[in-house]
Amino acid sequence: MAAISTIRNIGPASEAMYNAAGIMTAEDLREIGADAAYAKLLENGNRPHFIGFYALHMALQGRPWNDCKGEEKKALRVKFDALKATHFNEDKSELDAFMDQIGLIDRR
């Protein structure tokens with residue numbers, strides 16, 4: 001099993017976020033896909049960032065993070081906005097999300 005950071009353009013900080021959301025390997029990330037993986041990040045309390053979302057899509061395609069342009073970028077923005085609306089709780093802090101993850105609280 002390969003570390004997530006072996007995927008082009010995904011570094012140690014991003015790998016730690018995916019690991020905290022329960023995605024542990026590059027194979028897991030490829031299997032779940034960009035949209036579902038990003039939804040897990042949002043549900044885990046990570047702040048939404050469009051660049052991170054489309055960079056993930058590019059990474060899983062083996063493309064440079066800044067290769068997303070034009071209509072492709074517009075289509076990904078629509079997906080990002082939908083994921084943000086359905087999977088991100090603005091009232092939930094990263095600390096709350098971590099405490100939920102280890103079973104201490106659930107402040108929804």
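What is the handedness of the crossing of α3 and α5? In this predicted model, the crossing of these two helices is right-handed.

The axes of α3 and α5 come within 9 Å of each other, and the crossing angle is roughly 40°. That value makes α3 oblique to α5, because angles under 35 degrees would count as roughly parallel. On the α3 side, the contact is formed by Asp 35, Tyr 38, Ala 39, Leu 42 and Glu 43. On the α5 side, Lys 79, Phe 80, Leu 83, Lys 84 and His 87 take part. Sorted by class, this contact has five nonpolar residues, one polar residue and four charged residues.

Let me turn to α4 and α5. Helix α5 spans residues 70-87, and its axis comes within 10 Å of that of α4, with a crossing at roughly 120°. The two helices are therefore oblique to each other, and α4 passes α5 in a right-handed crossing. From α4, the contact draws on Phe 50, Phe 53, Tyr 54, His 57 and Met 58. From α5 come Glu 72, Lys 73, Leu 76, Arg 77, Lys 79, Phe 80 and Leu 83. The classes here are seven nonpolar, one polar and four charged.

The remaining pair is α3 and α4. Their axes come within 10 Å and cross at roughly 140°. That makes α3 oblique to α4, since roughly antiparallel would require an angle over 145 degrees. Once again, the crossing is right-handed. Ala 34, Asp 35, Ala 37 and Tyr 38 of α3 meet Gly 52, Phe 53, Leu 56, His 57 and Leu 60 of α4. By class, the residues of this contact divide into six nonpolar, two polar and one charged.

I come finally to the largest pocket. Its volume is about 230 Å³. Thirteen residues line this pocket, and those closest to its centre are Ser 14, Met 17, Tyr 18, Tyr 38 and Gly 52. Which elements give two or more residues to the lining? They are α1, covering residues 12-20, α3, covering 34-43, and α4, covering 50-60. The lining comprises seven nonpolar, five polar and one charged residues.

Two of the residues closest to the pocket centre, Tyr 38 and Gly 52, also belong to the contact of α3 with α4.

Definitions and conventions:
Residues numbered from 1 in each chain as written. Predicted model: local features only at pLDDT ≥ 70, side-chain atom pairs only at ≥ 80, totals over all residues. Heavy atoms only, no water. 1 Å grid on protein atoms, 1.4 Å probe; cavity = no way out; pocket = protein on both sides within 12 Å on 5 of 7 lines; lining within 4 Å. Points joined across faces, edges and corners; volume = space filled by probe spheres on them. Helix = DSSP H or I, 4+ residues; strand = E, 2+ residues; numbered from the N terminus. Nonpolar A, V, L, I, M, F, W, Y, C, P; charged D, E, K, R; others polar. Axes fitted to C-alpha atoms, helices over the stretch in contact; angles between N-to-C directions. Parallel < 35°, antiparallel > 145°, perpendicular 65-115°, else oblique. Left-handed = near helix turned anticlockwise from the far one by under 90°. Contact = heavy atoms within 4.5 Å.
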